[in-house]
Every structure is written in structure tokens, then in C-alpha cells.
Amino acid sequence: MIPLKTCDRPSRQRVCEANPMLSFLDPGGLQRTATGRAPAAGLAGAAVAGIILDRSLEVPLLWWLVIAVSAMGVMWGASVRHTAVCLFVAWTAAFGGWHHVRWFTRLADSVAHLVEDESRPITLKGMILEPSWTVNRGDKLETVTLLDCQQLPQPGGDPRPLSGRVRIVVDGPMTTLLAGTAVTINGRLMPPRTGLNPGDFEYQDWLRSQGMEAVLRVGSGEAIQVDAFAPRWRDRISNLRHELRQHTRAALAKSTFTTTPAVAEALLLGTRTQLPGDLRLAFMESGTLHVLAISGVNVGVIWIGLVRGARGLGLSYRWTAIVVFAGLGGYVWLTDANPPIVRAATFAALVQFAELIGRRISPLQGLSLTLTFLLAANPADLFNPGAQLSFLSVAALAHVVPYLVDGAVPARLSPDLTAREKWRRMLWQPLGSWIWQANLTTAAVWFVTLPLVLWRFHLCSPVGFVLNVFMGPYVWLMLWMGYLWLAVLAVAPGLSPAFLFVFELLLQGLVLATQWTASWDSGHGYVAGPDGWWVLGFYACLLWGLCQGRRAVRAVVFAVLIWINVGLFSGLVSAGPSGLTCDILGVGHGLAVIIETPSGKLLAYDAGSLGNPEQAANAVCQAVWQRKRRRLDALVVSHADSDHCNAVPMLTDRLSCGTLLIHETFLRSRTPTASAVVSTWGEQAGDGQLIAAGDHIVLDPAMDMEVLHPAVGFRGERDNANSLVLLISYAGRRILLTGDLERDGLAALLGSPRRPVDLLLSPHHGSRNANPAELGAWTNPTWVVASAADRDILDRVKSNFPPETQRHSTAQTGRVRCRITSDGQIHVETYRPR
């Protein structure tokens with residue numbers, strides 16, 4: 001139970017009048033019954049426990065049913081205390097079973113059974129569930145929608161019944177497909193992408209949490225045949241929402257500033273698919289990305305507006321509640337019901353309903369009920385980082401409210417005061433009170449969410465603390481103007497341009513402030529972050545402290561300080577590397593290798609990916625952060641192809657730079673990518689050095705890294721031939737890294753003395769021309785690894801290597817890790833089973 005500080009009605013009324021952040025504490029209802037009890041907290045905890053147990057252990061559904069029935073049976077004859085325990089167990093089993101049904105159970109005719117490791121051509125019949133929308137992928141456009149599968153056509157026979165949902169991705173733009181359209185689609189059924197490295201985004205799990213089984217890739221809109229249009233009532237509602245959103249987008253397209261449409265769409269409608277990557281990064285690094293995530297602030301603005309508008313019109317509590325429910329429900333529907341806004345709207349509706357029936361719901365009770373409702377709707381939302389941060393933020397604000405109440409009450413003015421004293425109390429005291437409240441609320445949210453942010457996103461933005469404090473009222477004003485523009489657009493479109501212009505000006509101010517603060521080098525920083533076990537322990541300490549009644553603040557400080565020291569001590573006593581580790585990361589068609597020396601130094605060999613440098617940058621950074629480091633001691637760039645170095649500029653912003661090692665041909669390439677690598681590395685105070693055949697890179701005296709190619713003055717016909725070849729030797733074992741070596745560069749290497757190795761990085765992503773039989777005989781590898789997007793690339797050249805050679809492709813197995821112990825034992829393991 002969480003203690004709530006209370007004050008008399010006049011004091012609270014003055015608080016609500018003075019502080020718009022607390023306006024939802026409707027002064028008219030302050031005499032109603034208040035309660036700090038939270039019986040739903042136990043049920044919410046049981047729901048969370050059941051979901052986590054089922055996700056971790058995959059408990060059979062029958063076991064959950066047996067546990068639930070047994071607990072309910074025992075409960076009938078148990079004492080009060082034992083009844084509570086039985087109810088907790090039964091509730092745990094109920095949510096564990098519900099999660100099992102949603103996450104693990106598939107019907108016999110589910111489309112999931114048709115998904116194979118490789119994509120396959122297929123024809124599906126079904127019904128469009130959502131109007132299609134366009135996604136900007138930077139260099140191309142895609143059209144996306146959802147299909148409810150119904151039939152699988154069979155050649156020369158009756159169609160086979162089919163169930164389940166798939167995500168349709170069409171290359172390029174096309175005419176909008178409305179919900180309720182019956183279609184026949186020819187495409188390739190693909191398994192959802194899985195993470196190739198630890199810490200990667202699990203697209204497969206995200207699709208699964210949304211109820212989708214696979215991805216159907218379609219070459220063009222011509223491959224989709226419309227059979228009929230027979231919308232159901234829910235399809236008509238979905239199409240109406242699509243029309244309203246399209247009408248809003250069309251109005252935003254007439255805006256003055258180029259950034260307005262994308263930012264305003266994210267801010268008002270919750271869609272960030274059109275937001276440019278650099279602008280999204282600026283919001284992240286400035287600590288203001290939450291402004292674009294429709295959640296508590298947006299709902300608070302609408303909630304307060306609805307309540308004040310209804311009360312200003314003289315409506316009763318009942319009609320005020322009806323207006324609030326209708327308004328919030330409509331906005332949730334318009335914004336596609338994302339988990340954060342559903343959480344915020346549900347919490348607001350619970351508080352409004354409690355006011356209607358004469359009760360004051362406690363923050364913990366409201367959050368517990370909200371969590372239970374959301375998990376009942378979709379148990380997988382428990383693992384959604386956005387939902388986690390949203391709940392933590394609201395919990396922090398809810399527990400800070402009593403301190404705002406105590407500190408926000410302005411003193412009554414005495415008629416005997418001088419004019420100067422009256423101005424001081426009317427102006428400076430409220431201003432000081434606002435600064436105190438803004439700092440306290442921001443600090444509370446920061447303190448509570450920081451461990452999760454560091455663990456999940458490895459980003460700390462101190463500048464965001466200051467920016468959020470001083471821009472809080474500005475953001476509220478901007479949101480008010482945005483929603484006012486939406487309302488005017490709906491009822492009087494002719495007047496909307498004037499409101500849009502004012503909203504644009506305010507929005508442009510936010511964008512400029514965000515970009516300016518994000519450009520500060522000291523305003524944000526990327527860090528390794530704590531371990532998952534420490535984060536869970538932190539929130540356990542926080543929960544224990546808040547349950548200590550009047551000693552809550554002291555208990556929280558005491559528990560958290562102890563837990564911080566536990567984390568620091570564990571970092572000091574953690575074991576360092578026991579040998580050499582070489583990680584060939586999964587980055588699609590590209591290359592990124594991380595080498596950890598026996599002394600703990602880190603060297604990267606290339607960092608790039610074709611068309612997706614963010615993927616390579618994330619993979620390298622995660623590999624460094626998981627070792628509790630944030631510095632690359634050296635980076636070897638094999639050659640100037642973009643798929644080998646286009647992620648380097650991103651790495652310089654996220655990691656501390658050591659020495660850049662390149663061949664002289666890299667400087668002669670004069671490509672934009674090569675120029676960006678050199679300039680950004682130098683800007684971050686990293687040094688550079690030219691290397692060539694015969695040089696040795698000395699990072700650790702226990703090992704040797706020798707450059708085998710190219711020699712000084714060598715210049716191949718193509719840039720691939722200039723690839724730096726690195727031979728790593730440790731404890732009698734050898735690893736050969738070859739970049740994109742081929743043609744005259746490969747011939748030069750094979751002309752040198754033979755070097756048998758244990759692990760060979762296949763040149764040029766496993767291509768046939770770069771992996772001749774002569775290379776297999778020259779290296780005689782035990783393992784050969786290709787960093788490629790083609791799962792079967794090495795099967796095409798297997799005859800060029802000894803029969804006993806084991807082959808791995810990062811497209812199939814993800815990261816390939818080679819460990820060499822100090823006594824010469826070598827172990828090669830993959831992130832995913834082959």
C-alpha cells in the first residue's frame with residue numbers, strides 16, 4: 001500500500017488552480033472518498049509472473065489448466081490468508097496459459113506451418129485487414145498491409161483452408177488496398193528476420209507479438225489481384241480511420257516547413273514511418289524522443305481539455321465522464337491504439353470513472369488495473385520497451401504528486417502587504433514553485449527510467465534533463481495548438497490554415513531546439529549500460545522501498561545505494577578474457593569483425609553493410625558494449641568499398657576512437673565513403689597510420705597480427721584487390737581475415753609462402769571467383785566463414801576446400817565466434833543453430 005499525503009479541500013483547490021499538471025485532480029470532486037488501497041497490485045504481479053514463466057519455460061497449456069483448477073479447488077475450503085495465495089496462483093496460471101495460447105499455439109491449418117528457412121513462391125487468398133500504407137526506406141518506398149489468410153490454391157484441385165495473418169510488403173508505391181478487400185496475391189513467403197547478433201532487434205518476435213506469422217514479399221502491385229470488396233463493420237471503421245488520417249496528412253503536406261509533415265504526423269497521429277533517420281536520431285540524442293511517442297503527455301493534454309471544457313459548459317460529473325470516455329476513446333482509435341497511448345488512456349478512464357462513482361483511486365491501484373487490462377489484451381506487450389518505459393514514467397509521476405501538492409500551495413495575500421511583496425508572492429513564488437515541480441517530476445522520471453534506458457538503448461542524455469524542464473510548458477502549448485488545429489480541420493476546414501501556421505511555428509521551435517542540443521558533444525553519450533540482472537534488482541529495490549510507508553524515501557535511497565555498490569563490486573571482480581576471441585558479426589552483405597586480445601584490447605576489422613550502415617554500426621557497438629567497454633583501440637579498414645566502412649562515421653559518435661589503420665590505396669580512392677571515414681575519425685581525436693605487408697600490429701605482446709597484403713606501392717586493377725589481409729596468431733592457432741581480396745590481389749597473396757590456418761574468413765563474402773581451389777590448398781582451413789546475405793553461398797564453393805572443412809555463413813547462423821584459449825584449444829560457435 002502506498003501512503004498518500006492529503007490536505008484540506010481549499011488547499012487542494014488552490015493547488016489545482018495553480019498547477020495545470022495537476023488539473024485532473026478536479027476540485028469539484030475533492031470531497032469524495034480517497035483510498036490508498038491497491039488490491040489489484042497482487043493480481044497484476046501474478047499476471048506478470050505467469051507470462052514471464054511461460055515465456056521462459058514454455059510450460060504446456062495442460063499444466064497451466066491443471067494448476068489453475070487445482071488452486072481454485074483448494075481456495076474454497078482455505079482460510080482467508082490461504083485463499084489469497086490460491087487466488088494468486090490461479091491468476092498466475094490463467095495469464096501463463098493465455099500467453100501460451102497467444103505465443104506458442106498454432107492451429108493445424110495455420111500459415112506458420114508453410115514457412116521454411118528459405119523464402120518460397122506461393123499464392124495466397126485472403127482478406128485485407130488494414131488499409132495499406134507507404135513506408136519510406138530511405139532509398140526506396142514500400143507498401144505495407146496485413147492479410148488474413150483464408151485459402152491456399154492447389155493446382156488442379158480444391159483450395160486448401162488456411163488461417164493466420166501475414167505482413168504484406170510490396171516493392172514500390174501502389175493504389176491503396178482498403179480493409180475488407182478479398183485478394184489473391186502471388187509472392188514469396190519469407191520467414192521473419194531474426195537477430196544475427198546478441199542485442200539485435202528481433203523482428204520475428206515483434207511480428208509474433210502483433211499476431212503475424214510471416215512476411216509475404218510481393219514484387220509489385222500487379223501481383224495482387226482484387227477478387228471482391230466486402231467490408232465488415234470493423235473494416236468500415238478501419239477504412240474511416242484511414243480516410244481521416246489521409247485527410248490530415250494532405251493538410252500537413254501544405255505546410256510551410258519541410259520537417260512539419262513528418263514530425264507533426266508522429267506527434268499527433270503516432271506514425272513515425274516518414275520521420276527522417278537523422279531527425280529521429282536528433283530527438284533520441286537530445287533526450288526528447290518521448291515527445292514523439294504518443295502517450296501520457298498527449299493524453300494528459302486531451303484529458304484536461306475535455307474536463308475543463310465540459311465543466312466550463314456546466315456539465316455534470318456523469319456527462320463530463322461521458323465526454324472524457326468518448327474523446328479519449330476516439331483519439332486512441334485515431335492513433336491506431338499503440339500500447340503507450342492505450343495505457344495512458346486506460347489510466348485516465350479509470351481515474352475518471354472513480355471520480356464518477358465517488359472514489360479516489362490510488363496511483364498503484366490505477367496502474368495495476370491498467371497493466372492487467374493491457375496484458376489481458378496482449379500478453380506480449382509486457383516485453384515491449386515502449387510499454388515498460390511508459391509504465392515506469394507514470395509510476396514515478398504518481399508517487400511524486402504528493403510532494404507537488406505540499407510544495408505548490410500559494411499563500412493567501414494579506415491586504416497589509418506592500419505592492420513589492422505582493423508582486424513577489426504573485427510572480428516569483430509561483431515561478432519558483434513551477435521550477436521546483438518541473439525539476440522534481442523530470443528527476444523522478446529520469447531516476448526511474450534511466451537503468452532501463454541504459455540497458456536497452458545504451459544512451460544517456462544529460463541535456464535532455466534541462467531541455468525537458470524548460471520546454472515542458474512549451475510542449476504543452478504546442479500540443480494544445482496541434483489538437484486545436486485537428487478540431488478546426490474537422491469542423492471548419494477553411495479556418496485551419498491559420499491554426500496550422502501557428503502550430504508549425506511552435507513545432508519548428510521544438511525541432512531547432514532538438515537539433516541544436518543534439519549537436520552538443522557533451523550533451524549525450526553512449527555507454528555500455530548495466531547487466532539485465534542488475535536492472536531487475538534495481539526495480540526490486542525500488543518496489544521494496546516504496547512499500548515501507550512513511551520511510552519510503554529513506555528506504556529507497558538506502559536500497560538503491562546498496563544495489564549500486566553491488567553492481568560496482570561485480571564489475572570489479574568480473575573475470576577478464578581468458579584468451580583470444582574473434583567475432584565475425586552478422587551484418588548482411590558487408591563485414592564487421594571484433595577481435596578481443598588476451599589483455600582485453602579491442603580491434604575491429606571493417607565495419608560496413610551494403611545499403612544499411614546502421615545494422616553494422618549497431619552490431620559493432622553491441623559487441624563492444626557487451627564487453628563493458630566503449631572504446632575501440634584500433635580499427636583496420638581493409639579497403640574503400642562502402643559495405644566495409646560505411647558504418648565508421650556512426651561508430652565515431654558512439655565509441656571512443658583509437659588508431660585507424662589503412663593502406664595507402666584507401667586514401668587514393670577519393671570516394672565519399674572513404675573521405676567520411678578519415679574526416680570523422682580525425683574529428684573525434686582518433687589517430688591514423690598507414691600499414692602494408694610485413695607490418696605487425698602490436699596490441700598485445702601475447703599475440704601477433706601480421707599484415708600479409710598489400711605491399712607498399714601495390715595497386716590492384718580493382719579496389720577489392722587492395723584489401724588488407726591480416727593474419728592473427730595466438731597459442732599456435734591462426735585466423736586469416738581477407739576482406740574482399742580477389743583477382744591480382746589474391747594472386748599476389750597465393751604467390752607468397754603457404755600459410756595453413758585454423759579459420760579463414762572467406763574473401764569477398766564467399767563469391768566463387770574469390771575462393772578458388774588454390775586458396776583452399778594454400779590455407780587448408782578447419783573452418784571457413786562467409787560474411788554474406790546469401791545463406792548457401794559457401795555450398796557453391798565447398799569443392800574448393802578440403803572435405804573436412806566446416807562452413808558457416810553469417811546469413812544462416814548469425815555471429816560466428818572463435819575462441820582460442822591460452823593452451824591452444826580452439827572453439828567455434830554460432831549465435832543461432834545452423
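This is a predicted model: local features need pLDDT of at least 70, side-chain atom pairs count only at pLDDT 80 or more; totals for chains, interfaces and linings use all residues.
Reader: How many aromatic pairs are in the whole structure?
Author: A search finds 10. One of them is Tyr203 with Trp206.

Reader: Is that one stacked or edge-to-face?
Author: Stacked. The centres are 6.1 Å apart, with 15° between the planes.

Reader: Where do Tyr203 and Trp206 sit along helix H5?
Author: They are three residues apart in H5 (residues 203–209), so about one helical turn separates them.

Reader: Buried or exposed, that Tyr203?
Author: Tyr203 is buried, at 12% relative accessible area. Trp206 is partly exposed, at 32%.

Reader: Now Tyr331 and Tyr483. Why is that pair edge-to-face?
Author: Because the planes stand at 90°, with the ring centres 5.3 Å apart. The pair links distant parts of the chain. Tyr331 is in helix H11 and Tyr483 is in helix H16, 152 residues apart. Tyr331 is buried at 7%, and Tyr483 is buried at 12%.

Reader: Which residue lies over the face of Trp103?
Author: Arg55, at 3.7 Å from the ring centre.

Reader: Is Cys621 buried or exposed?
Author: Buried, because its relative accessibility is 0%.

Reader: What sense does E23 pair with E24 in?
Author: Parallel, over four bridges. Ala786 has Ser809 in E24 as its bridge partner.

Technical notes. Residues are numbered from 1 along each chain as its sequence is written. Side-chain values use heavy atoms; hydrogens and water are left out. Two strands pair if DSSP finds at least two bridges between them. Helices (H or I, at least four residues) and strands (E, at least two) are DSSP runs, numbered from the N terminus. Buried means under 20% relative accessible area, exposed over 50%, partly exposed in between (1.4 Å probe, protein chains only). Rings of Phe, Tyr and Trp (its six-membered ring) pair if their centres lie within 6.5 Å; planes under 30 degrees apart count as stacked, over 60 as edge-to-face and the rest as tilted. A charge sits over a ring if NZ of Lys or CZ of Arg is within 6 Å of the ring centre and within 35 degrees of the ring normal.
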